[in-house]
Amino acid sequence: LITTVSAQSDWSADFVLDPFPSPYLSDWQNNPAIGQAIIFNGSSETVNVRLRMTIVRSGKGQVASGLSRVFAFPPGASTDLRTTDLIDYGSIDYDKSYEDIAVRTGRLPEGEYEACLRIETESGSLILDRICATFTIVYPDPPYLVFPIDGESILSKLPIFQWTAVQTPVGYSVNYNIRIAEMLEGQSPAQSLSANYPHFERSNLMNTNLQYPLDGPGFVKGKRYAWQVQALDSRGYPPSANNGRSEIWTFLFDADTTTPIEYKRLAGRVVDSATSEPLVGATIVYR
């Protein structure tokens, strides 16, 4: 979205921003492609200019403001400034209601915004004002569950749970928490996860999959379970939409748990004869 303002007959400016830019402040600081301002100095002399950017969240008031460094604008020429030039990030002044969110999470809150530039001489005289562009902050998608498929019957005693990764900037650490709860009669999947004591829970997973551990509580044949994954960053904040939480899926545990397990030794390993899954600390029974 572009706004063109000419407050003086010899100056004009165009300001354009990605309508859906990254919410991460590190991207605004390092990615020049988020936006640009093209400023034309139609005067007959070089002018030292500083820009002030103000960001306002719709219905919530001002979020932050900051100054750029000083630029020398040559006469009769256009100067192209990118987002990395528009603010000296050491000069940013956050509104107190947003400082904790922005500084501690490193992200702008979701919502609709307006960014406006004010162009001044180095001494503070106004050249152009209210050069504005609007944009919307939308957080990345939360993790999506992949396997076991929703509603599926599971035959393995040690199933593998899989989900997709949350898309974040390079170097932005994300970990995952998984929660599994038994569904009691009359409960919805969401109710079972929020109200019941977890059947199994594991935090700070760096990968997007989990092999159910041997020491995990056993599933009960014929019981249905709900499960969900939540993504959190290194500070414990959700980096995606829906508070970092995936959708909720269910599965029916249908493995045979009544027949005694028969073990056999293959190539020096102890494995389940039915599934060929390795078993640790198992007693070898020859049949």
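Predicted model: local features only at pLDDT ≥ 70, side-chain atom pairs only at ≥ 80, totals over all residues.
Ala 181 sits opposite Ala 226, which belongs to strand S17. Strand S14 covers residues 174-182, and nine bridges join S14 to S17, with the two strands running antiparallel. If the word is new to you: strands of a sheet pair through backbone hydrogen bonds, either parallel or antiparallel.

S14 and S17 are part of an open sheet of five strands, in the order S12-S18-S17-S14-S15, and its pairing is mixed. Which strands stand at the edges? They are S12 (152-154) and S15 (200-205); each has a single partner strand, so one side of each is left without a neighbour in the sheet. On average, neighbouring strands here are turned by 25 degrees against each other, direction ignored.

Next, follow the chain to a proline. Pro 213 lies in the loop between strand S16 (209-211) and strand S17 (224-233). Is Pro 213 buried or exposed? Its relative accessible area is 14%, and buried means under 20%, so Pro 213 counts as buried. Leaving out residues up to four places away in sequence, Pro 213 touches Leu 158, Phe 200 and Arg 202.

What about the greasy insides?

| Core | Residues in it | Some members |
|---|---|---|
| Largest nonpolar core | 38 residues | Phe 15, Ile 39, Leu 51, Ile 119 and Phe 135 |
| Another core, apart from it | 25 residues | among them Tyr 24, Tyr 212, Trp 227 and Phe 251 |

Finally, the whole chain. The protein chain has four helices and 20 strands. Of its 287 residues, 42% are buried. Looking at contacts between residues at least 6 apart in sequence, 67% join residues at least 24 apart. The accessible surface comes to about 14800 Å², and carbon and sulfur atoms account for 50% of that.

Conventions:
Residues numbered from 1 in each chain as written. Heavy atoms only, no water. Core = buried A, V, L, I, M, F, W, Y, C linked by side-chain atoms within 4.5 Å. Buried < 20%, exposed > 50% of the residue type's maximum accessible area, 1.4 Å probe, protein only. Contact = heavy atoms within 4.5 Å. Areas by Shrake-Rupley, 256 points an atom, 1.4 Å probe, with all protein chains shown as cover. Pairing = 2+ DSSP bridges. Axes fitted to C-alpha atoms, helices over the stretch in contact; angles between N-to-C directions.
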